[in-house]
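Please open the model in your viewer and keep the selection panel at hand. The stops below are meant to be followed in order.

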Amino acid sequence: MIAQNELGYLPETPSQTAGPYVHIGLIPGQAGFEIFKNNLGTMRLKTDTKGERIRIKGRIFDGTGAILRDALVEIWQADAQGRFNHPADRQQGPRDESFRGWGRVGTDFETGLWSFDTIKPGRIAGRRDHQRLAPYISLWIVARGLNFGLATRLYFEDEAKANAEGPVLRSIEPPSRRQTLIARREMRDGLISHVMDIHLQGQNETVFFDV
């Protein structure tokens, strides 16, 4: 039996980082374990999925500037019409049932690069019907050295007007930190890519959200 301390409270349970086992449990295929017939999170686009095909990608850096090569990244996003494939989405308008909106991948063990082939999300309805939020993709990062997952967002460089109107981006101070969430647009191998590197600490630390 665990005894209470002099204040009458039980001691806090020691914390533990996420550890490398996230690959074995969540993305076993990348860890070399072919134990599932269908691996979740690959987020393959279907031929009838509507919207602009894009690739989002980047690397994750720790506080010393070293690249994390064994992190896990999950994304959650709206479809091209700004609708989420979830019953809690009560927006009006059609939903693309061929697009799941969720994905999971591990960083490359050699390069540290993470990437998703997806579609560019549409603007999402705000609390007022006439308000449309800037298109974004939510990201969640787990890695060794982290006691809990980190939540952030990816916004698009080519959506400057929408970004300027977005209440979340506008709430970030100082304004210079907003740039840590803006992915730069580039064209590679005939495919539009949006690149956002994530910095866990340091001068260029990415903005993370308490969710």
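Predicted model: local features only at pLDDT ≥ 70, side-chain atom pairs only at ≥ 80, totals over all residues.

Of the 211 residues, 41% are buried, and the accessible surface comes to about 12,700 Å², with 51% of it belonging to carbon and sulfur atoms. Among contacts with a separation of 6 or more, 66% are between residues 24 or more positions apart.

Next, select Ile56, Ile60, Trp114, Leu139, Leu154 and Ile198, which are the residues with the most contacts inside the largest nonpolar core, a set of 25 residues. The elements that give two or more residues to this core are β1 (53–61), β2 (72–77), β4 (113–119), β7 (136–142) and β8 (150–156).

Move to β8 and display its side chains. Why can this strand be called largely enclosed by the rest of the structure? The reason is that seven of its seven residues are buried, and the cover extends to both faces, with Leu150, Thr152, Leu154 and Phe156 on one side and Ala151, Arg153 and Tyr155 on the other. In a regular strand the side chains alternate between the two faces of the sheet. On the pairing of this strand, β7 and β8 run antiparallel and are joined by six bridges, with Leu139 having Thr152 as its bridge partner in β8. By contrast in direction, β8 and β9 (182–188) run parallel and are joined by two bridges, and here Phe156 stands opposite Ala183.

Select β3 (102–106) as well, where four of the five residues are buried. This strand pairs with β2 in the antiparallel sense over five bridges, and Gly106 in β3 is the bridge partner of Leu72.

For the surface, select Ile24, Phe33, Ile35 and Phe36, which make a nonpolar patch of about 390 Å². Phe36 is found in the loop between α1 (21–26) and β1, and it counts as partly exposed because its relative accessibility is 43%.

Finish with the charged pairs, for which the count comes to 13 salt bridges. Glu159 and Lys120 meet in one of them, at 3.0 Å from N to O, and the pair links the loop between β8 and α2 (160–165) with the loop between β4 and β5 (124–125), 39 residues apart. Glu159 is partly exposed at 21% relative accessible area, whereas Lys120, at 10%, counts as buried.

Glu165 forms another salt bridge with Arg123, their closest N and O atoms being 3.0 Å apart; Glu165 is in helix α2 and Arg123 in the loop between β4 and β5, 42 residues apart.

How values were computed: Residues numbered from 1 in each chain as written. Heavy atoms only, no water. Core = buried A, V, L, I, M, F, W, Y, C linked by side-chain atoms within 4.5 Å. Buried < 20%, exposed > 50% of the residue type's maximum accessible area, 1.4 Å probe, protein only. Contact = heavy atoms within 4.5 Å. Areas by Shrake-Rupley, 256 points an atom, 1.4 Å probe, with all protein chains shown as cover. Pairing = 2+ DSSP bridges. Patch = residues over 30% accessible without salt bridge, like charges linked within 9 Å, V, L, I, M, F, W, Y side chains within 5 Å. Salt bridge = Lys/Arg side-chain N within 4 Å of Asp/Glu carboxyl O.
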